[in-house]
Amino acid sequence: MRTFSAWLARLALWLLLLGAVGMIAAMLVGVADVAGTEFLGRPVLGTLEFTESTMVLVVFGALAYAQQRRSHIRVELLYSSVGPRGKSFMEAVTHIVAFLFFALVLWQGYVELIYSWEIKESTMGSVRFPLYPARILLSFGAVLLILQLVLDVIADFGRMRRGEGRPHAIAPR
């Protein structure tokens with residue numbers, strides 16, 4: 001289990017880093033577009049389409065890593081008033097609901113990926129970008145998150161059985 005968890009952590013980190021590269025690329029293209037429009041009267045063609053595609057990478061690239069590090073935003077109104085077993089139970093319920101939600105996202109993302117591939121779907125704009133790469137990244141990010149959620153549910157039930165609470169968030173390295 002530890003080997004699988006370490007493998008998943010490495011994949012999540014690589015997808016996060018790829019998302020960071022995508023964000024930097026979108027930022028640079030956006031800056032070039034604004035500067036080109038303002039100073040040269042010539043925008044960078046395809047800026048909107050490129051930015052839309054990279055946003056999928058930025059968001060879905062970070063989900064599994066954030067889940068692994070327990071970095072998602074949470075509201076703890078009831079959570080702080082229950083004991084360790086109750087906290088582990090709440091964690092398990094939250095992770096199961098998240099699993100179900102992202103399983104649906106993966107399912108529909110995969111359906112759209114296949115459809116996009118079959119019809120060779122692309123953006124409508126001055127530069128036509130194919131949409132299937134963004135859908136591949138969405139599906140891959142969702143798979144990594146789902147796998148992390150499965151590990152988390154297993155850990156939640158183990159902590160519930162032992163009467164332990166949720167571990168603290170992992171500090172970035």
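R135 is partly exposed, with a relative accessible area of 22%, where partly exposed lies between buried (under 20%) and exposed (over 50%), for a 1.4 Å probe and protein chains only. The model is predicted: local features need pLDDT of at least 70, side-chain atom pairs count only at pLDDT 80 or more, and totals for chains, interfaces and linings use all residues. Residues are numbered from 1 along each chain as its sequence is written, and side-chain values use heavy atoms, without hydrogens and water.

The side chain of R135 meets that of E121 in a salt bridge, 2.6 Å from N to O; the term denotes a side-chain nitrogen of Lys or Arg within 4 Å of a carboxyl oxygen of Asp or Glu. R135 belongs to helix α4 and E121 to the loop between α3 and α4, 14 residues apart. Helices are DSSP runs (H or I, at least four residues), numbered from the N terminus. E121 is also partly exposed, at 21%.

By this rule there are 4 salt bridges. In one of them, the closest N and O atoms of E91 and R74 are 2.5 Å apart. E91 lies in helix α3 (residues 84–119) and R74 in the loop between α2 (47–68) and α3, so this pair ties together parts 17 residues apart in sequence. E91 counts as buried at 5% relative accessibility, whereas R74 is partly exposed at 33%. R74, E76 and E91 are linked in a network of salt bridges.

Within helix α4, D156 and R159 lie 3 residues apart, about one turn of the helix. They form a salt bridge with closest N and O atoms 2.4 Å apart, and both residues are buried.

Note on methods. Helix = DSSP H or I, 4+ residues; strand = E, 2+ residues; numbered from the N terminus.
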